[in-house]
Amino acid sequence: MTAPTIEKETPVIHEPSKPFPWLKVISYVILVVVAILYIAPLFMLVNASFKSLAEFFKDPISPVSDLNFENYTNAWERANFSRYMVNSVIYAAVATAVFVITSVFVAFPIARGLVKGSGALLTLYVVALFLPPALIPQFQLILNLGVYNTRLGYIMLFVVNPIGMIILVNYIKSIPRELDESAAMDGCGYFRFVWSVVLPLIRPAVATVTVLHAIGIWNELILPTIYLTNAELYPITRGLIVFEGQYGSDWPGLAAAVLMLMLPMLFLFILMQRYIIGGLTAGAVKG
Amino acid sequence: MAVEVVKKNYLFGGGWKSWTPVFLLLPGFGLYLLIAFGPSLATAGYSLTDATGVRGAPVNWIGFDNYDEFLFRGLASRDNIAALNRTLIFSFLVTTVQFSLGLGLALLLNQRLKGRTFFRTLFFLPVILGVVIQGLMWKLFLLPNGGPVSEVFGLFGIQSEFLGGQPSEAFLWVIVVQIWANVGITMVIFLAGMQTIDEDLYEAARIDGAGGWNLFRNITWPQLTPAINTNFLLNIIGSLQAWQLFLVLIGYKNGTQVLGYEIFAQGFGQTGGVSAAFRQGFAAAASIVLFVLVLVLGLSANWFVNRREKKYLG
């Protein structure tokens, strides 16, 4: 007898009920499953890098019990990683700087139509994406210039990037022409205009091509395999593959080494994600 | 081509000053011709020679002999044709799966979900890590004895040697890693495309009572055309040219090689023999074969997407 009265005193409020969000729940389930495929290999790598060899062979996937940084110090010293890291930084920094500086002075006149056949010039960069790989003649060129197995020869291979050029040209087209006119009126010279007016204005595009180009150099494996035989000149990717050849079964050591190669890229990616993704999708979604 | 200044567009002074843009353009453009464009074209020339990797060694003109050898001569040519077929299979599987998965993930992440930035970043991450890290990470992940995938397969009673197994099995795992590594870029291109679609189109259709599938079929799919075209072409061309994960994951192993790997291995003595020669002319011919394949399939795909675009966007 009491139950109905209580119900009457506190009537159930009927909110406009939302349907259960099935779509979202299913979406999350799928996303989490896929995410596991991305997190698990990474987790395995980090976990293995802290294990001793014996511990790893007993059970490669058990969570590590005590953190063991020896693998890192070992890889750093035994595998000459400090040297490789310095090489990688030199190659990426010098080649990217040369590429960006020379390219701005190609991209600006093409974007503005300042030189005859600007359209044709741009086409030369676009078709590069479909042409046969330059691998063989490039090797003959480097060999015959006598810069095989030198830093200079290796850096030369990375001072051009057609996709980067196209990104720069497209971005410069969005800078209003009135700017050129007023600068010229004020008596500003061409070099100074491009260098100290245009360059700061196209910073987002420059950031994008700089990061994409540097990442490409950092990750390159085939060209150091072909062009560098002197271990003193190896970049870190090549060093890692050599390390794998020598200590192939030392997975904890290899895992530590892989993580050391990965960390700089990880930081760069997290800082510059907007520019990287923006650059890679620019032009891809317009008609 | 003579590079010359267009006077009417140039505002920064007459006389010798009007040549400044040309002088400043030459270093960048010259390097491009010397290092990328020129060598690319020269591949065709080298394919008709017996060039080696020795500096100063005589280079002889041998006509189409390299092509004849590559495509028609003896047992080795049968392996080359097999590599060509394998390249097509690899490209077909990678393109279809990566395209569909990338589209699916983009659709999921285009909703208002908590953590969507996290998921997007995570799926894109391998793209910037490069083949060495991608490959070594998966070698560890696919460890045959006691590795995580091996353990999970064990629960279902499946035994596998993974990358060290039969050629066809190893080949399949490379496809898996290739897709895992690159689906992120397909996804972000689709996402960027979806963000350009006008939300009002969906609102109007919803008022008319359209549901999920109808919204996708009649709005998202046609409106996504530019991103679909880009991804389709990029996936086809990219997968035809991809081979570096094979190098890191399984090395030069019979029954798994694709054309790109064959070019590198022949040209730079990486075929596994003790003193394998640098067969640069031969590798150049193989490069041209791959180029023709890319061109034919790329142009067909381009024709196909253009026809589709006309249908949807007029």
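**Figure 1. Order of the elements in chain B of the predicted model.** From the N terminus on, the elements of chain B read α-α-α-α-α-α-α-α-α-α-α-α. Chain B therefore counts twelve helices and zero strands under the DSSP assignment.

**Figure 2. Overall dimensions of chain B.** Along the principal axes, a box of roughly 80 × 75 × 35 Å holds the C-alpha atoms of chain B. The radius of gyration of chain B is 25 Å, whereas a compact globule of 314 residues would have one near 20 Å.

**Figure 3. Burial and contacts within chain B.** Of the 314 residues in chain B, 42% are buried. When contacts in chain B between residues at least 6 apart in sequence are considered, 65% of them join residues at least 24 apart.

**Figure 4. The largest nonpolar core.** This core comprises 168 residues, and those with the most contacts inside it are A:Ala107, A:Leu168, A:Ala257, A:Val258 and B:Leu140. Helix 6 of chain B (residues 167-195) supplies the largest share of the core, 16 residues. From chain A, domain 1 (23-68) and domain 2 (74-281) each contribute at least three residues to this core.

**Figure 5. The surroundings of A:Leu168.** A:Leu168 is one of the residues with the most contacts inside the largest nonpolar core. Leaving aside residues up to four places away in sequence, A:Leu168 touches A:Ser103, A:Val104 and A:Ala107, together with A:Ile202, A:Ala205 and A:Val209. Among these neighbours, A:Ala107 is also listed with the residues that have the most contacts inside the core.

Key. Residues are numbered from 1 along each chain as its sequence is written. Chains are lettered from A and ligands numbered from 1 in the order in which they are written. This is a predicted model: local features need pLDDT of at least 70, side-chain atom pairs count only at pLDDT 80 or more; totals for chains, interfaces and linings use all residues. Helices (H or I, at least four residues) and strands (E, at least two) are DSSP runs, numbered from the N terminus. The radius of gyration is taken over C-alpha atoms; the globule rule is 2.2 Å times the number of residues to the power 0.38. A residue is buried if 20 or more other C-beta atoms lie within 10 Å of its own, exposed if 12 or fewer, and partly exposed in between; C-beta atoms are placed from the backbone. Two residues are in contact if their C-beta atoms, placed from the backbone, lie within 7 Å. A nonpolar core is a set of buried Ala, Val, Leu, Ile, Met, Phe, Trp, Tyr and Cys residues joined through C-beta atoms within 7 Å. Domain bounds come from an automatic or database domain assignment.
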